[in-house]
Amino acid sequence: EVALGQRHIMMGFMRRFDPGYAELKAQFTDSGIGEPLIVHHLHTNQSAPYGLASARTMTNMVIHEFDITCWLLDEDYASVQVIAGRPAPGTPEGELDPLLVIMRMQSGVLVEVEAFVNAQYGYEVSCRVTGSRGGAQMGEGSFVTRSAAGLRGQEVPELWLGRFGRAYHRQLQGWIDALRSGGPLPGASAWDGYVATITANCAVAALTSGVPVDV
């Protein structure tokens, strides 16, 4: 790609196509919530689809937060730290779940990810940003809140397709449109994938060492 001066790879980070994240990013204006200062992510799975391994939580699960945060804030990471507490029931011996991943961006913005692989209740992804003028939260934007029979609530999907089906569709359509038009590929680039992988590997090192690791 560098030699040809043209992108040929489109990484499958579908969250960049999710309407909820796009709307959240649009709030970073003086008329919205101002400059982002703190970002809180929540990412749960109902169960571990590939088996529970703490390192894989970083490279296969939280890697989506590593990518979408860079996209949201338009900057790279300075450091990452992983904190483990009391393991949830059913966590294999020697593994850790849930985990808190704490990152500092190059500008000083703080980012926290609560990652729970074996949360039991379902698949959930949310993001709240505290800004200099207010706050904004992207929750279950793809779902309908239903009120009936004295109860109000939302159904929680079992898998990620229930939450990001629309994002996957928009990602695929963007790729097809680019092929048809000969225009630039949308979404994450090979470089974005490289950055996310480097960050995930640093997070694995932080999990092992117990101290912050420079990215």
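**Notebook: salt bridges and strand pairs**

I count a salt bridge when a side-chain nitrogen of Lys or Arg is within 4 Å of a carboxyl oxygen of Asp or Glu. Arginine 16 lies in the segment before α1 and aspartate 67 in helix α3, so this pair ties together parts that are 51 residues apart in sequence. Helices (H or I, at least four residues) and strands (E, at least two) are DSSP runs, which I number from the N terminus.

A note on the source: this is a predicted model, in which local features need pLDDT of at least 70 and side-chain atom pairs count only at pLDDT 80 or more, while totals for chains, interfaces and linings use all residues. Residues are numbered from 1 along each chain as its sequence is written, and side-chain values use heavy atoms, with hydrogens and water left out.

I then checked burial, where buried means under 20% relative accessible area, exposed over 50%, and partly exposed in between (1.4 Å probe, protein chains only). Arginine 16 counts as buried because its relative accessibility is 14%. Aspartate 67 has a relative accessible area of 4%, so I list aspartate 67 as buried too.

I searched the whole structure and found five salt bridges. One of them joins arginine 15 to glutamate 65, with the closest N and O atoms 2.7 Å apart. Arginine 15 is in the segment before α1 (19–25) and glutamate 65 is in helix α3 (residues 63–73), so the pair ties together parts 50 residues apart in sequence. Both arginine 15 and glutamate 65 are buried.

Next I looked up aspartate 30, which forms a salt bridge with arginine 133, the closest N and O atoms being 3.9 Å apart. The two are 103 residues apart: aspartate 30 sits in the loop between α1 and β1 (36–44), arginine 133 in the loop between β5 (124–131) and β6 (135–138). Aspartate 30 and arginine 133 are both exposed. I also noted that salt bridges with shared partners join Arg16, Asp67 and Asp192 into one network.

Last, I turned to strand β2 (residues 77–84). Two strands pair if DSSP finds at least two bridges between them. Seven bridges join β2 to β3 (residues 99–105), and these strands run antiparallel. Two bridges join β2 to β9 (residues 213–214), also antiparallel. Which residue stands opposite serine 79 in β3? I found arginine 104 there. In β9, the bridge partner of serine 79 is aspartate 214.
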